[in-house]
Structure formats: structure tokens, C-alpha cells
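Colleague: Please take a close look at one part of this model and describe how it is put together. A plain account is enough.

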Amino acid sequence: MRHRQLRLEKRVWQSFRDLGFSRVVATVSGGADSVALLSALMSCQGLEVVAAHCNFHLRGEESRRDQRVVENLCRELGVKLHVKDFDVKGYMDCHKGVSVEMACRELRYEWFRDLKSAVGADRIATGHNADDNIETLFLNLLRGSGTMGLKGMLPDTGEIWRPLLATHRKEILEYIERKGLHYITDSTNLSSDYRRNFIRNEVLPLLRTRWEGLDGSLDRTLRHLLEESRIVAHSIGEVMPSPGKLLSRETVLSYPCPELLVRLFIEPAGPFTTTASEVVAAMKANKSDVRRWKLSKGCLELRGGKLKIYTLN
């Protein structure tokens, strides 16, 4: 057990050392992953850690309990804690069509970015682990994603740092037990109503009964997809215009995969209500009329053989 405990902290330390920064905002919900994350971060000499906890007030006393657990943990570890209260319903009323999950995500990451800037941190550290990454693979597969989505989460984006991404939940729980740490279980994680929970609670346990070593195989798949996505990104980067610039008909139609090029051009302002193949077909027709397609954050316009994205302010 001691070997596994040291290995988790060593993995976090090596990631911190390789990236070479000095201060992080650690997101701490009170669950096992975030508790292990905070403990492991505190073992990294030379790293200044600030903790952040979100209270969405969606589960009554449970939400208050979570905050108390995080407050106690931060006192024990000697970590400065920032807590933010959110009005999720009010946010959803102002953003029609946004789910509870999406509202919570948008609210917390907006605050994490503000806090990161306010305290002068180099990264936002999250407790995403290898099991989360496998679940993300399945979610993106079922959404119809390509290589860029199937690669899963990145261990470091330059803004978000995920030092536990190569660590499975089983090892995290062993680490917590060895350290004598206390964590909470969000009751909503036990329900399979949400898609991610359904994959976690129903789909993956069933697959494990038939495929021995499933997690290791999926870990390798994610590594391969990440490597392949970097090749795709490099290829796309050689022809993709910078943000705000036009994508020409000539560039699209001369590219080996025109639909992919259009899809990735649109992606930052997506999701897209139609298909990239329809846009490519319109470019091939080369008509003089102006075509427009609605995007969630604006619109896509084809004028004079060139594509442009107009985003909402």
C-alpha cells in the first residue's frame, strides 16, 4: 500500500516539476479525487497552493456539509481557501436551454479563471482521473465525435492542469485510506440519470465482466488517440486561418478532408445545427448568393467563396 501511496504523489510531483510553475488554484469539491489532489499538491515542495470550493446550493444540507468538509481539510493542511456561492437557477433563467450540469460547469470555470488571475496562479488544478477520461471517451463517442474529441482530456492545457489524469480511482481511494483523509460522496453520483453517471455506474461495470483488463486497454486507446490528434492538429494548423480570419473556398476544396477542415473551423462557435458536408457542398456549388447557418454563439456566413464566423457579443 505504501508503494502505491508514494507513487501517486511522485506522479504529481513529476508533472509539477516538468511544467515548472510555482502557484496553482486547486479545485476542491470534497470528493475523493479533489481531496487526494489537494493532499498530493501539498507534498510538492516549491508549489504554492490556493484552494477553491463552489457551493451551488442544489442539495440542501449536503451542499453545506461538503463545504464544511473542505473547510476542515484546508485547515488541517494549512491551505488558504476561497468559497463561492452560486445561484444556478438564476443563471439558467438568464441562459435558456442550458442544463443544470452545463450551468454549474460554466459558472465554476468562469470563477476559477477569475480567481486564478486574482491570486496570480499559473494553473487551475483539477482532480480529473483516468476513469473520468475513459467516461469522456465514451461520451464523445456517443455524441459522434472525431479524433479531436475522442482523445479525451489533456493533462495540461496551459490553463487547466490535471495531474491525476493517469491515476485510476481505485488507486486514489487507496491513497486516501493510507493518508487517513476524509472525503464525501455526492449523492447525485449514485444516480444513473445523468449520462456520465450511466456510463460510470452501468456501462463500464458491465463491460468489465466481459473484457478483462478493460481499463488498461482503454488507457492505451486514449494515448493512441491523443498522439493521432496531435498529427491532425499539426496538419490543420498549416492551413487553418487565425481566429477572426476568413476560410477560403480554395483552401477547403484543396484539403484532403474538406469536411474536417470546416468542422474544426466552426467548432469554437459551435455546436453546429447542420453538417459540415452541407457547407462544403455549398462551396462546391460556387453560387453568388450569400448563405448563412446558425451557430450557438453566432452564425457562419459564406460570401464570395469565403467562410466567416460572426460571434455574439
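Modeller: In this predicted model, helix 2 (residues 32-42) packs with helix 3 (residues 61-77) at an angle of about 15°, and their axes are 11 Å apart. Axes are lines fitted to C-alpha atoms, for helices over the stretch in contact, and angles run from 0 to 180 degrees between N-to-C directions. Helices (H or I, at least four residues) and strands (E, at least two) are DSSP runs, numbered from the N terminus. Helix 2 and helix 3 are therefore roughly parallel to each other (an angle under 35 degrees). Their crossing is right-handed, meaning that the near helix is turned clockwise from the far one by less than a right angle. On the helix 2 side, Val35, Leu38, Ser39 and Met42 make the contact, and on the helix 3 side Leu73, Cys74 and Leu77 do (contact is heavy atoms within 4.5 Å). By class, this contact has 6 nonpolar residues, 1 polar and no charged ones. Ala, Val, Leu, Ile, Met, Phe, Trp, Tyr, Cys and Pro count as nonpolar, Asp, Glu, Lys and Arg as charged, and the others, Gly among them, as polar.

Residues are numbered from 1 along each chain as its sequence is written. Local features need pLDDT of at least 70, side-chain atom pairs count only at pLDDT 80 or more, totals for chains, interfaces and linings use all residues, and side-chain values use heavy atoms, with hydrogens and water left out.

Technical notes. Angles under 35 degrees count as roughly parallel, over 145 as roughly antiparallel, 65 to 115 as roughly perpendicular and the rest as oblique.
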